[in-house]
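Hi,

Here is the structure I promised to pass on.

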Amino acid sequence: VVSDVPILGPGREFDAIRALVAAWGTAAQGIGDDAAALDVPPGERLVVSTDTSVENVHFRREWLTPAEIGWRATMAALSDLAAMGARPLGVLSAITVPVSWQGALGDIGDGIGEAVNAANTKIIGGDLSAGGELSITVTVLGSASHALTRSDARPGDSLYVSGALGGPALALRSWLAGEAPNAAARQRFAMPHARLAFGCGLSALGCTSAIDVSDGLIADARHLAAASNVMITIDLDAIPRFPGASAADAASSGEEYELLVTAPSLTLRDFTCIGTVGAPGEKPGVIVMSGGARVEFAGGYDHFSP
Ligand SMILES: [Mg+2]
């Protein structure tokens, strides 16, 4: 539909934008002005997050299809809205495209559009630039009547996680060993699903805090513990595992995009109780138990670690 394609002047950059918007069809909305104007539902707050996916940092070209790269970058950003208990209002994608990737831009755009459709939201803007490495920055806007944070876990709460963890770690291990990952593990890495449907109901179910599992379950639990000034005890053996994953895989696998939440009590399909929240000792943190004994657990992804 011609009227959905932005009125832009001539030029190859603008041709590329026109092609993306035409391919997005109804997944795009109101693109072509200098900025998007949005309505936030009355009584709700605007919830905003941004997330960057960079070639050779977050993915490698030989691992994923261009459409998967677009999908994954978009779902990773949307997962932060799920963790805040927010419903998406719209998505902006800023893409830096090297010459070697220009031919794949349409497929990347398709992946972005499919993820946006799956999340029942719209692409409301973006930016396109030339550059040295493929980079996709997705900004997500959402709204919530009560945004969940990391800082309100309370002693006496229990800790719950959605899904079964470890699939992305299995896929990554195979790729790094030069092998093809099994299809199910590869799918968990390549096509994650933000837990948006769960996220927006969590606050009404009494959840006190939430985070999405992006660095690894234990590492993300440490973020919760620090923000809430509590001691979290996790039963390593209780963490639901993706088929073939070890307990350590499940505890450390990153980019799962499952939700880790605290609540006095939570009975919800797909959530498993894996620990408890207590008052901090000398400092807040995470204690990992296995077979009744405390185990040391290092790890979690840190971009700035050597
Ligand atoms: Mg997050």
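Below is what I found, going from the whole chain to single residues.

First, the ground rules. This is a predicted model, so to speak of local features I need pLDDT of at least 70, side-chain atom pairs count only at pLDDT 80 or more, and totals for chains, interfaces and linings use all residues. Residues are numbered from 1 along each chain as its sequence is written, and side-chain values use heavy atoms, with hydrogens and water left out.

**The chain as a whole**

The protein chain has eight helices and eleven strands (DSSP runs numbered from the N terminus: H or I of at least four residues for helices, E of at least two for strands). With a radius of gyration of 20 Å, close to the 19 Å that the globule rule gives for 306 residues, the chain is as compact as a globular protein of that length. That radius is taken over C-alpha atoms, and the rule is 2.2 Å times the number of residues to the power 0.38. The C-alpha trace spans about 65 × 50 × 35 Å along its principal axes.

Of the 306 residues, 48% count as buried (under 20% relative accessible area; exposed is over 50%, partly exposed in between, with a 1.4 Å probe and protein chains only). The exposed surface comes to about 14,000 Å², and carbon and sulfur atoms supply 53% of it; the areas come from the Shrake-Rupley method with a 1.4 Å probe, and for residues only the protein chains shown count as cover. Among contacts with a separation of 6 or more, 86% are between residues 24 or more positions apart; contact means heavy atoms within 4.5 Å.

**The seven-stranded sheet**

Seven strands form an open sheet in the order β6-β8-β5-β9-β7-β10-β11, with mixed pairing (two strands pair if DSSP finds at least two bridges between them). The edges are β6 (209-212) and β11 (293-295); each has a single partner strand, so one side of each is left without a neighbour in the sheet. Neighbouring strands are turned by 30 degrees against each other on average, direction ignored. Helix α2 (residues 66-83) packs on this sheet, where it touches β6 and β8 (259-263), and its direction makes about 170 degrees with that of β6. For these angles, axes are lines fitted to C-alpha atoms, for helices over the stretch in contact, and values run from 0 to 180 degrees between N-to-C directions.

Strand β9 (residues 271-278) pairs antiparallel with β7 (residues 231-235) over four bridges. Ile-232 is bridged to Val-277 of β9, and Ile-234 to Gly-275 of β9. Five bridges also join β9 to β5 (residues 158-162), again running antiparallel, and here Tyr-160 has Cys-273 as its bridge partner.

Ser-158 belongs to β5 and is buried at 14% relative accessible area. Beyond neighbours within four places in sequence, its contacts include Val-261, Thr-262, Cys-273 and Gly-275.

**The magnesium site**

Which residues coordinate the magnesium ion? Asp-80 (OD) and Asp-212 (OD) do, at 2.0 to 2.1 Å. They link distant parts of the chain: Asp-80 is in helix α2 and Asp-212 in strand β6, 132 residues apart. Asp-212 is buried, with a relative accessible area of 2%. Donors here are N, O and S atoms within 2.8 Å of the metal (3.2 Å for Na, K and Ca), and water is not among the atoms, so sites may look incomplete.

**A few other spots**

- Helix α4 (residues 167-176) has seven of its ten residues buried, so it is largely enclosed by the rest of the structure. Its buried residues, including Leu-170 and Trp-175, pack against α5 (183-190) and α8 (247-252). Just after α4, Gly-178 takes a positive phi of about 80 degrees.
- Gly-142, in strand β4 (residues 135-144), is buried at 0% relative accessibility. Its C-alpha is 4.9 Å from that of Val-47, 95 residues away in sequence. Not counting residues up to four places away, Gly-142 also touches others, among them Arg-45, Leu-81 and Pro-88.
- Pro-42 sits in the loop between α1 (12-24) and β1 (45-54) and counts as exposed at 82% relative accessibility.

Cheers
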